[in-house]
Structure formats: C-alpha cells, structure tokens
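Student: Could you walk me through this structure? I have not seen it before.

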Amino acid sequence: MSTDRLAGDATPAPEEADADGTDAEATAAAGPAGQGGADEAGAPGAGASSRSAQGTGGEQPPAGEADGPATGEQGSSPGQGTPGPGAGRGSGDAESPGPDEAGDGAGAGAPTPAGQDEPGDAGASPHTEGGTPERAPAGHGASGPAASQGDAGASRDAGAGDGASPTAGQDASGGGGKGRRSAAAEALAAAVRAVESGERSAASFFNDAPAARPAAQATPAAPAASAAPRERARAAAPGSAHTSAPAPVRPPSARPARGPGGEVPGSGDVREVLAAGGAPEALAGKVAETLGEHAAEMLREDPWQLLAVPGVRPDQADGFARSLLGPACEPGDERRALALTGWLLERAALEGHTALESSALREALAKASVPDPDEALRTAIAEGAVLVFQDALDAPAGARPRAAEDEDAEQPVRVLLGLDRYALAEESLADGLARLASTFAPAQDGEAPAGGAEWEGAAAAAPSASAAELIRTVAAHGLVAHSGGEAARAEPAALVAAARAMGLRAYAAAHTEDGRRRLGAALSEAPGTGPEAGPAADPDAAPDAAPEAASAAVTVAGLLADAEGPGRDEEGALALDLLAVLDAPQLDVETAAMLVESLPDGARLVLSGDPGVLWSAGPGRVFADLVAARRCPQVVSRTPDPGPIGELVSGIGIGELSQVEAPGKEVVIVPVRDAGEAVHRTVQLVADSVPRAIGVPPEQTQVITPGHGGAAGTRALNAALKNRLNPGPGRFGGFDPGDRVAYTPAPGRTVPGTVVSADAEGLRLDCAGTPVVVAREQVGELVRHGWALTAHQAAGARWPAAVVVLPGDATAGLTRAWVYTAFGRGERHLSVVHGAEAALPRAVAETPFKDRTTRLRALLQAQVPPAPTG
C-alpha cells in the first residue's frame, strides 16, 4: 500500500484542540434552566469487565458504538441544583448509529451514552453518532410482529403484575464461576420455577411489597398507546393492579397530524407546563408529539415523563420535577425510579442491547442517585415497566463436562431485564425462524428432496462452487445462513436467478438503495437471465430478460412497505417462495421480526452477509446470533474479494493489518499529526488529489469518520467540504442547491441525496433519481450534510473511492469491525487519513467488536434442533 501523499505536501493546517463533544448544531435546547450540573447516568453498557452490560455491538447497533458503559458521572438527584431540560447544547458524538447524534439538544457537557454500536464511537471521545429521530422508545415504531406465545426456553416475567420471578435487584449472573450459582441466583431460579409450575404467584416473591403509593402521585388515565395485538399468556398475580401506580415513561406514539401553522395539538398547554418547570418552551412540540394529547396533564402528575422525550437527560428531568413539585421532589420518588429504569433500557437499546443484566441496571440506578435500586427494580417489574428473563449461561472455556450424576444439577443462569417492545420482537423472530427451519423434513438416507433434479441442474450450472453449494443447501432447507465478502454477493444472486428460472417467486433484498442497484446488476448477469441464457432462450424476449431479473432486487424497507417486490397475498403474507436477504448483519431485531413474520409458510429464507462488518444500527445482532446458535445450515463462501482493497480488508477480517501491494494507488495512507491537519488533507484528497490521480470525481468519493462530533467528525468535515465544493449561505435551513446530504427516513436507514431546491412544502432532494420532499419542520432532524458519513451510515453501500479519516481523538472507539466496514466502502480507491498511530493495528488485532446483550441465540437453541453437520 502506498504511503505517498496523494494530497501532496500542502502545509498542514494549524493544530486544533480536540472537541469536547458539544455540538453547536444541537437545538432542542438551550434553555434557561441553569448551567452545569452532574452528568447523566449513562446507560449501562458495553463491555464492562464483568458481564454486566455488554457493549453495543458489534461493530460490531446501533445505532453506533462506544464500548464501555456510557460514562457519565454520578447522576444528579433532585434537589442538587441541576439544570432543567435543554440546558446547553447537544453532546458529542461518538458514532452511534442513528440519524442524528443522540445528544442533540441534550445539554452541554453531558456525555452521551455510548454510541450504538459503532466503532468509532467513542469510548474515549465523547462523540456519539446518535440519532435525533432516535429509535422511538418502547412501544413505538416497528415492533409489529405478533408476539410469540412461548418462552422458548428463557423464563421471563410476563409483565405488570405477572411478574416473574426473581427479585430483580439480585444478580444471578455472577453465580459461581465454576458452574455454581450464588445464593441469590439460586433464589431467583427457584422463583422462576415456582411461577412457571403454578406453585406460587410471582408477586409472592417480592419479600418487601412496594410501599403504599401516596394518592398525590397517582397518574391520570392516559390514552393507551396503540399497539398491535399480541397473543401473550399472562398470569396476573393477585393484587397486582395498582390504580395509583405511576406509569412508566410513555413511548412516543405515531407522529400526530399538525394543526394550522405546523403546531402539534396540545403544544399550547405543554408550553405552560414547561415554563412552570423552567424548561425551554421550544420543547413543547416534541413533548406533545412524544406523549400525546394529554401530555400537559401527564407532566403535571409525573414530571419525570419528560425523560421519554428524545434528548432529555435525567438531570434535566430532575430539575424540571424539582421546579414543579418543590419540596415533594425526592431522589427516591417511585415515579423517578420507574422513569429512570425505562430510560436506561432505552439508552441500552441505542447501544444495541435488547436486555441488560440485573446487576448492570441496578448499578446504573445507584449511579443516578436512586437510594434503593433493588426496590426500584422490584417496583418496575411489578408494574410491568420491565420484564424479567432467565437465560442459561454457556460453560466457561475449558470447563469439565458435567458427569452423569450431575445431570440434574442446574445450569448457571443470568437474569436479564428488558422492555416489552424488544422482548416481543426477539421472541417473535425466534418463533418465525423456527417455523421456517422446520419447513422441510430432513430427507431420508438416499432420498432426494422434492424437485431435486431441477435444483441439482441449477447447481450444476452455477457460476462457482460456492454458488452451487448454496443452491443445493437451499433446495433441502427452509432457513439457510450464507456468509462471505463483497464478491460473494454473486452467490445469492445466482440462487435467486436459478429459482426464478424454475418458476419460483424468488426475490433478493438489500439494506440500501445502492445495495439494491448492485444486486440488480448481479441478477442481470446471473446465468439464465441475460441474452446469453442459452440456445433455448427466446431471442425476441432476450432484451427484456435482464430488466425482468433486476426487478427481483428490492430493499428490505421497500419490501416491508409493499413499495417494492411481489406484494401480499390474501392472508397478508408476502407473495413469494424464496427470499434472500443480503446485508443481513444490518437487520435489527424489530425489522427482522417483521420480515420473518411476513413470510408465508413453506417459503425459503436465506440470510446472507459479511460477518466482519458492523452490526445493525438498531438493537440486536440477528445475523451473528443465528450463526452462533447453529440451528440452520451455514454456507461459507470461498470466493475472495479481488484487488489490493479486497486483500487489505480480508486481512483485517482475521485480525491482521498488513501492507498490500497497490501499484495503481488503490490504497494510499496519508499520515497526519492532528485533527486540523486531518480535515485539511481530507478536503484536498476529495477535491483535488483523488480526481486528478485516480479519475474519481468528488461526487463519487465518500468520506467516512468515526463520529459526528469532534474536530474531525462529520460536522467539521462536512462544513469544510461544503466550503470547498459547494459554498453558499445555507439559505434553506443550512442547505443550498447542490449540497450532498444524508437523509434518514427511519432510524438506521441513511439515504444519500442531493439538494435540488426548497419551497413552502419543504426541502426537495434527489435521492438516486427519486424525488423526495422533506417537510420544513423535519429537515433539522432528518437531513444532514453527506460528504462525510459515519461507518454505520455507510454500511451496505459502496462508492468508487472512499477516504477514511482516523483522527487521534477517536481511537478509543475503534474496533476491527469498524475498520473492516469503513475500509471496505471503496471499490477502486481507498485513502486513509491516518492519525490514530498504534491504536489502529491494536484495534484490528485485539478488539473484534463490541458485544451486545441479546436473547435470540438462547431462544433459537431452545426451539430449534441443532443443524445437521457434515
């Protein structure tokens, strides 16, 4: 790889101090509520040394990534003079997958929770690539699939009053490192078994019943958030209904219709309440949008409901509550504990977790100055704000296998707590995958599967041995995992083309529009779909064959929205026989659940992807859990990615960062001393050096950096690139015609585009030939400049050239998966603006990804028999 400076020897820009993560762009803001104050309690998360809350992942969602618990100092408690909501500017930017940084509007100086799993996010640098339209809190958004009815092996608390089991404050995960559990874990396990057997009610296991709730804290009946009906067995514990119980933080409902002038209904009353609590009145619209038409009444009765609003921190909600409640505001207020519990679990979801270990959640509550975290968790469980699950732990590596006499000994378990929304999605997904896996009965010895001759003929005509293996495997199984790099995408394309040639309704879905375009091209070139289909091909039909084959390529979002693909049958299922999903690591648990629930009985599903890339922006690690569960056949491609970039990325995938021969300057390293020089060199590369030396114009070169904030984050880079490539006053909400933008129609989805114009209807974009109009009031949260993106935003897409910026202030968040994803975005050329020094090879060698706490693997292992081997 060349270390020539494509950018030449331009004078380095003056050194810039590392940004502290504050975001001048952040809005929600800045309100009078005071300045200073303790940082929020961070979501327990990533990678704490004891298994407590595993970091987001993967880089390996997650919407991003900081490893390690979201920092944050001791959370402020009511009465300590903390600022009210909106004080200060948005916090920083460790890349957390998501449309906007989670900290926007959150207040200066407050560290945002560890970014969703995206490397680059920062453990060290306070940069978090969050998302303003951050994933809606529990209950909102895409958790539509019908919930599974069984527990699939993991015991769980059924919700309000049904409680399961274990006393939530006790940690069962730590029980005995040598196959023995602690006394607390034994008690929790006994509790779960007794509830499941019907011996005792769940409520009876709460030794200290929650204290009587004063009538003053009663929460008025609020309209229940609409949710898809879910069949779920719940055994209500006697006495579990408390009419005066404070409600958990309300999830935002569907975006309400705006009234004249674009104001959300109810904003006027909310504005009065916010003013009384010292909060910025500018938050009124967002509060009304999140809490619904009764938002003002809800806030008067329970000020901590403000935590449901994206961007509001615990210390700000405390300040608001103190202003409204006066001396009655106390750190141990039950309403505060419930709101904090929900908030912490939502922050964990932003980091990619679908649940947290009880010990991690308890520690986070203590950090937030909740006086009795155990009591707070018991109350949250009793009220149905959180669910309890018991998952078996794997035996430690090298542990002695259990002897026959130990067969009855109980396996170590960990107790997890989670929100209903993600629990239902994960269980629904496990049920759906189990249904597909059982589609075909295993063939008896010597017996060929139905239609075997056709499938075998297709395999024989496949373009590669790996494609042939995939076709043969899919012929006999309803659920198959396929893994490989960029070149391996041709294999599921060959599968879909072969299936369509057999008369099956087969489709392939990609994560992004760019992925769909590349997939369509691969389908057009697959055997049997083009003009060279063979002597039997109809010459008159040949010109239309390739376009017809390309129509089988869709995006996952378009397929679920019925905007692309075959449409639905009379039962509401997708009208198809086979679906290959590429970029499967980008599927979050809710999207995957909806997709699997939409497949008809008898359909075949292939989940295909590169196991080395970052995991999804949303919670879960669907593809990794499916592979780890070993409950379906797995086909591993043997097709290598070509060229110097392919060689470099392949080495990174196995933990090796080595130099590669790049005679055509396919890979160039540009060393820099500081963030200021990194920005200077990046602009020079995009605007001059790459077009001149490689022949790739600026509009086809993508800049990728670890986070949004900091001196070399996306905001700083986009400002510098706009100034050079498309200078202008930003008269349309900061944008000018010709600006490259990143449009985020939904959390976790980034669509590149270009600004065309703006009018009364909103900002007009051209997104790969598709006109898009973004309403004026949504531009700030859905659109940002797009010359520079984070790796999570870039995942699933490729450009002719990529410039990866590695500033020294973001090195703590680097992982192998982040580097693998970022370096793999360039097709013809990769420039690395390198200021990370030894941190880069160390991340590649030592930090594969940031783990996530999920339940899908255990659920699959409980429901599906092991896949045949050999």
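The conversation below goes through this structure by topic.

Tutor: This is a predicted model, in which local features need pLDDT of at least 70 and side-chain atom pairs count only at pLDDT 80 or more, while totals for chains, interfaces and linings use all residues. Residues are numbered from 1 along each chain as its sequence is written, and side-chain values use heavy atoms, with hydrogens and water left out.

Student: How many helices and strands are there in the protein chain?

Tutor: The protein chain has 25 helices and 20 strands. Both are DSSP runs numbered from the N terminus: helices are H or I with at least four residues, and strands are E with at least two.

Student: And what share of the residues is buried?

Tutor: Of the 870 residues in the protein chain, 58% are buried. Buried means under 20% relative accessible area, exposed means over 50%, and partly exposed lies in between, with a 1.4 Å probe and protein chains only.

Student: Let us turn to sheets. In what order do the five strands of the open sheet come?

Tutor: The order is 16-15-14-13-17, with antiparallel pairing. Two strands pair if DSSP finds at least two bridges between them. The edge strands are strand 16 (770–774) and strand 17 (783–785), each of which pairs on one side only. On average, neighbouring strands of this sheet are turned by 40° against each other, direction ignored.

Student: Which bridges does strand 13 make with strand 14?

Tutor: Five bridges join these two antiparallel strands. V741 stands opposite G753 in strand 14. The hairpin of strand 13 and strand 14 has two residues between the strands, and G748 in this hairpin takes a positive phi near 90°.

Student: What about strand 17?

Tutor: Strand 13 pairs with strand 17 in the antiparallel sense over three bridges. The bridge partner of V741 in strand 17 is H785.

Student: Why is strand 13 described as largely enclosed?

Tutor: Strand 13 (residues 740–746) is largely enclosed by the rest of the structure because five of its seven residues are buried.

Student: And how is strand 14 joined to strand 15?

Tutor: Strand 14 (residues 749–759) and strand 15 (residues 762–767) run antiparallel and are joined by five bridges. T754 has D766 in strand 15 as its bridge partner.

Student: New topic: strand 4. How many of its residues are buried?

Tutor: Six of the six residues of strand 4 (residues 413–418) are buried, so this strand is largely enclosed by the rest of the structure. Both faces are covered, with V413, V415 and L417 buried on one side and R414, L416 and G418 buried on the other.

Student: Which residue of strand 4 is the bridge partner of V388?

Tutor: The partner of V388 is L417. Six bridges join strand 3 (residues 387–392) to strand 4, and the two run antiparallel. L417 is also the bridge partner of L356, and strand 2 (residues 356–357) pairs with strand 4 in the antiparallel sense over two bridges.

Student: Now helices. How do helix 23 and helix 24 cross?

Tutor: The axes of helix 23 (residues 816–823) and helix 24 (residues 839–846) come within 7 Å and cross at roughly 110°. Axes are lines fitted to C-alpha atoms, for helices over the stretch in contact, and angles run from 0 to 180 degrees between N-to-C directions. The two helices are therefore roughly perpendicular to each other; that term covers 65 to 115 degrees, with under 35 counting as roughly parallel, over 145 as roughly antiparallel and the rest as oblique.

Student: Which residues meet there?

Tutor: R816, V819 and F823 in helix 23 meet L840, A843, V844 and A845 in helix 24, where contact means heavy atoms within 4.5 Å.

Student: Is helix 3 mostly covered or mostly exposed?

Tutor: Helix 3 (residues 284–291) is mostly covered, with six of its eight residues buried. Its cover includes helix 2 (267–276) and helix 4 (295–301). G292 follows helix 3 and has a positive phi, near 95°.

Student: Which residues other than glycine have a positive phi?

Tutor: Among them are S369, at about 70°, and D583, near 60°. Most residues other than glycine have a negative phi. S369 lies in the loop between helix 7 (358–367) and helix 8 (373–382), and D583 is in the loop between strand 8 (578–581) and helix 16 (589–597).

Student: Are those two buried or exposed?

Tutor: S369 is buried, with a relative accessible area of 14%, and D583 counts as buried at 12% relative accessibility.
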